[in-house]
Amino acid sequence: MRERIPGYRRISRLPKQLFHINPFDGDIVPSRVPLIAPRSGRPTQPFPHRWNYHDPIRILEAYFWDADAERGTGRHNRYLDVPGFAPVFVTRDPGLIRSIATATGDREGQFDRDTLPSVGIARATGTDTLLYSNGAEWKKQRRIAACPFGKTTLFQPERFGEFSQTFRVTVGERVDVLRQHLRQSGKHSVEMRLEPEVKVVMLEMLANNFFGAEIGYHELRERFVPALERVIDHIVSDTVKNRLGIPWRRFPSWNQRIANAKQDDAAFEELTRLVLAPRCEGRALWNQFKSDAPDEKLVSNLKVFLAGALEATTSYATWAISHLARNPDAQERVYEEVKDIDVYTPEVLAEASYLRAVLDETLRLTPSLYFLPRRATTDTWVIANDGRRLMIPDGTHLLLDVWHANRHEDHWGVQQSGYPAIAFEPDRWRVLSESGRSSKEILHFGFGHGPRVCPGKHLGELEVGLTVGALVKTFRFEAVQTENPARAGVSTKPADGTLVRMSLR
């Protein structure tokens, strides 16, 4: 009855918040993070605002500032508790990340996907999506949208053969363009940023090969990719800056900025319609789509998939190339493995063990999804695999910090995997395998985890494996810059745009 009183929960938390009483209970005791910490050297405040939202990894680092000096469970678990607001809990403990992600779903008492970090996406695509919805609505959206991307559908021999052929043609054509560009330059090598090239390839594979659209390469490159990039940039800033929650498309075109944003939104809408059009003919994946939902019910999910898949696969591929460009020995080992491969089937990719290790190491060290947002729907006890227990209060916002969990020496360091956690070392996965660790124990959370794992996981692995394999087979590339920092928004990518010096093999 009390829960029905407006503001009751917020008011009931105030005494503990004012006296800094830890709201969590159990074996895992998180440490409290101060909202303001002058002279601490902390990189930024532990919350997004208009001056730091463009660097979310730094915000996560703020939670764990000086945490390595601790020896208890607060070393990897922190919380922010500001009077009048729900607590924020951040963990870089892989065991806890796994348990919370596994306990996310539509059943009573399970965690929701926190919609707070996704409000910008929802304003751009709609709220009736697999990404944004929770509970029964999420389960319904999953039935509608996820089927064509499942492993059993994608890896049917006839279906996979068709996709594989079109993927190879697309990637082959783009590699030929790069080859011709290099030859026409008259130089032995040429410097270029590969991210724009990879992004067009990924969108072309999604729109034309997978969805059956017929959109020309130049239109994708010159119109749709730039428009999508700007829409995605706006989504990130809109999440933080748009406190009123009014979609910008409702405003009159008072200035050129709003007018341009509306043009980008119109291009995104047109791309979605072009991708949806082949459904009526049952082309490509659409003949595997069993739902009788009308087209209008699919538009929002298609927008999320196009933007999300483009971001995730581009991140995955460009990071792999970026790492190989800084590790020539690893690059040559991949080349020796793929030089005679012409068809990238799931079986071939599984046998290409070193390429697989490179891709796993890429997702571990530089995951596209750098955190997983969750929210407690009631007071919830979480039990980790080792038996540790944690009670998370109702309404708590949870940030499962995959980026820092995967880079910490306690979890992925020399004692655990034979190599420093911060190093790119594909042989780490051989050491782990030889030590008897199963794949279920060694989780990098590169596609999320649990019931809300990314539905495009298997498609993304195939696309990236094919793209990276084809590039290594044709070119040598080395990094122009020594350092390899990340920039992060919806996903993470190399800050230099994957700037490499390329030469033909």
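Predicted model: local features only at pLDDT ≥ 70, side-chain atom pairs only at ≥ 80, totals over all residues.

Biologist: Fine. How many salt bridges does a search of the whole structure find?

Modeller: The search turns up 39 salt bridges. The term means a side-chain nitrogen of Lys or Arg within 4 Å of a carboxyl oxygen of Asp or Glu.

Biologist: Which residue does arginine 428 meet in a salt bridge?

Modeller: Its partner is glutamate 361, at 3.0 Å from N to O. Arginine 428 lies in helix α18 (residues 428–434) and glutamate 361 in helix α14 (residues 353–365), so the bridge ties together parts that are 67 residues apart in sequence. Helices here are DSSP runs of H or I with at least four residues (strands are E, at least two), numbered from the N terminus.

Biologist: Is arginine 428 buried or exposed?

Modeller: Buried, with a relative accessible area of 0%, and glutamate 361 is also at 0% and buried. Buried means under 20% relative accessible area, exposed means over 50%, and partly exposed is in between (1.4 Å probe, protein chains only).

Biologist: Which residues do salt bridges with shared partners join into one network?

Modeller: Glu195, Lys199, Glu229 and Arg487 are joined that way.

Biologist: And what does glutamate 137 form a salt bridge with?

Modeller: Lysine 140, with the closest N and O atoms 3.3 Å apart. An α-helix has 3.6 residues a turn, so residues three or four places apart point the same way. Glutamate 137 is partly exposed at 29% relative accessibility, and lysine 140 is partly exposed at 38%.

Biologist: How far apart are the closest N and O atoms of arginine 221 and glutamate 222?

Modeller: They are 3.7 Å apart, and the two form a salt bridge. Arginine 221 is partly exposed at 26%, whereas glutamate 222 is exposed at 56%.

Biologist: Changing topic: which residues touch the most other members in the largest nonpolar core?

Modeller: Leu203, Phe211, Val468 and Phe477, out of 83 residues in that core. Helix α11 (residues 299–325) gives the most to this core, with 14 residues. There is also a second, separate core of 20 residues, and Ile97, Ala101, Phe111 and Leu372 are among them. A nonpolar core is a set of buried Ala, Val, Leu, Ile, Met, Phe, Trp, Tyr and Cys residues joined through side-chain atoms within 4.5 Å.

Biologist: Where does serine 322 lie?

Modeller: Serine 322 is in helix α11 and is buried at 1% relative accessibility. Leaving out residues up to four places away in sequence, serine 322 touches Asn484, Pro494 and Thr498; contact means heavy atoms within 4.5 Å.

Biologist: Now rings. How many aromatic pairs does the count come to?

Modeller: Eight aromatic pairs. Rings of Phe, Tyr and Trp (its six-membered ring) pair if their centres lie within 6.5 Å; planes under 30 degrees apart count as stacked, over 60 as edge-to-face and the rest as tilted. Tyrosine 370 and phenylalanine 371 are edge-to-face, 5.3 Å centre to centre with 65° between the planes. Tryptophan 412 and tryptophan 429 are tilted, at 5.5 Å and 50°.

Biologist: What lies over the face of tyrosine 335?

Modeller: Arginine 505, at 4.1 Å from the ring centre. The charged end of lysine 303 also sits over a ring, that of phenylalanine 268, 5.7 Å from its centre. The rule asks for NZ of Lys or CZ of Arg within 6 Å of the ring centre and within 35 degrees of the ring normal.

Biologist: Back to α14: how many of its residues are buried?

Modeller: Eleven of its 13, so α14 is mostly covered. Tyr354, Leu355 and Asp360 are among the buried ones.

Definitions and conventions. Residues numbered from 1 in each chain as written. Heavy atoms only, no water.
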